[in-house]
Amino acid sequence: MKRRSVFLFLALSLLLLFWGEGRTGLANEAARGPRRIVSLNYCADELLLQLVEPGRIAALTWLAGDTLGEAMRERAVALPRIRGGIEEVMVSDPDLVLAGPFSPRGTLRFLQARRIPLAMMGIPRDFEDIENEIRKLAQRLGAEDRGEIMIASMKEALKNFPGSEELPRKRAVFFQGQNYVPGADTFENAIMEAAGLENLAASRGIRGYGSLSLEALIQMKPDVLILASDQEKSRTVRAEVLHHPAIRKALPDLKTVVLPAPLLHCGSPASVEAVCILAQAVSS
Amino acid sequence: MSATSRKIPLAAVYSWLAGLLIAAFWGALSVGPSTFSIAQAIRDPASDLGLILWDIRLPRAILGALVGATLGLAGASMQGFLRNPLAEPGVLGVSGGAAFGAVLVYYTGWGALFWFSLPLGGILGALLTVFFLYLFSGKLSSAHTLILTGVAVNVLALSGTSLFLNLCKDPYAVLDIVFWQMGSLSDRSFEHVLLALPCIFAGWGLLLWDPRALDALGLGEETAASLGIGLRALRLRTILGTAFCVGASVAICGSIAFVGLVIPHLLRPFVNYEPGKLLGVSAIGGAILLLLSDIAVRLIPTSQELKLGVLTSLIGAPFFILLVFKMRKDLS
């Protein structure tokens, strides 16, 4: 019985191996680097799709494709998408797994025990972090050239914005449901700074994510209130504070900017678009 | 006990409670993330401080008083009607049922159909559970079986609520479970007060209709009937009244447990153990307790404001256990 199941398993993996082999239209670049990449990190999905040919991707996360443009979404949807359980990952037969701080712990421990190569993604706190993330990942994938092109185009796009030099800066708060605000050392902060705004939560001394009461918000008198689209659309009790009548009354000149949530979930070159929307909305 | 309590006239009890209520209300207005003098804020209502006082703190304090009074009153009348010292909207699952009803309305978007629909959802949910409980209250004559039924109803309502929130498309909906389970008054506005007020008043009206009927019921059902008390009418008023005020409160502020248990017990000696007189004082007592709890959650320095039910349950649950032990002792 035991022998039979081992045989079955071997046959299945061989089959999968050949199947995967057959599917990969090998690009020149792919001659080196892993060829059955599995991503367990939503943010890695986005970079992976841009750095390698789809043929080298064995699986993406089940959320893949939510962020990106139409073309990228089509590519993502055509690939297997998994939730990250151990079985799913093993069936994908990976030679490299990309994971992040929120990936399932159990799966990661299993992969480490099996000595399956694992690349951990960080959480970028500014655009420099994004550069480093891309460079690191590109190296691991054997796609350095594409990585450098991505970085260069992101840097080029960022040059168009005022950054922190222009004075006086407009004062802004990025208000999230249940009074959460991003302070210093957050990616939202980097986006605000790049768009030439002062993040009042950071000026108030909040590092990372903190909470800001409605009373404090009114007294700080921000010029701009930034909301993420998913929070703004959310009809939940925790998002009700965003529509509190006191905000309207106390701050009649407040400019509200809604940023598309997919641009904010991951620090990535796509986030430059958020800077663009923010800078345009504030200057108009 | 009754010998000492008879010395306290009802008027004195009421004036003490009124004094405490005013102090708690004033405290609820003064405490918050920003410190300023209320007098200054009243003088200049258009300033930031004025807006904070009138649009943020005042509706919060008013809701606190309304919901607290509702819970105290509902607790007292349930204990009186069921003649069960452990009865309370939270323990018997009425709040849980109301939360389930409100959640159904809130997250399907039916709440936007007409202005009244959110409290209506809470009221229907509460009505269903109260009706269910009273339906069995005759058969479940023992105090413990009624409480156990309440526990089951509570669990059922809670799992229904969390199942529904998990099925919601909105990824943030699940995070609201804490609100519906533990309740909160934070950042509520006058829109919420106006939404809850009519139903809460209607419920109070029904529960306070004829307090002496509860006194008569305390002597036993047959005695009450012989005294000309319409038991069916009393039952209907208690069911509808509880459903109205508890349903609307929970729909606006989430379920807050144990206020209705603790307050009637603390105040019973002061009204000579008369269930009818207990109603009014329990309402004021409930308002005081909830306002004080709401002051405390704002004073305790946590990164996210504590939910109200956390505090009331911390006070109420040990009290509940104590009562259970006391009942056991009385039985043996």
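In the predicted model, 4 salt bridges are counted between chain A and chain B (a side-chain nitrogen of Lys or Arg within 4 Å of a carboxyl oxygen of Asp or Glu). One of them joins A:E240 to B:R188, with 2.7 Å between the closest N and O atoms. Helices 10, 11 (229–233) and 12 (245–250) of chain A each give two or more residues to the side of chain A that touches chain B; helices are DSSP runs of H or I with at least four residues, and strands are runs of E with at least two, numbered from the N terminus. Helix 12 provides the largest share of that side, 5 residues.

The contact (heavy atoms within 4.5 Å) takes in 25 residues of chain A and 27 residues of chain B.

The second largest pocket is lined by 36 residues, and A:N179, A:S211, A:S213, B:P33 and B:E305 lie nearest its centre. A pocket is an open set of points on a 1 Å grid over the protein atoms alone, where a 1.4 Å probe fits, with protein on both sides within 12 Å along at least five of seven lines; lining residues have an atom within 4 Å of a point. Helix 10 of chain A gives the most to this lining, with 4 residues.

Residues are numbered from 1 along each chain as its sequence is written, and chains are lettered from A and ligands numbered from 1 in the order in which they are written. In this predicted model, local features need pLDDT of at least 70 and side-chain atom pairs count only at pLDDT 80 or more, whereas totals for chains, interfaces and linings use all residues; side-chain values use heavy atoms, leaving out hydrogens and water.
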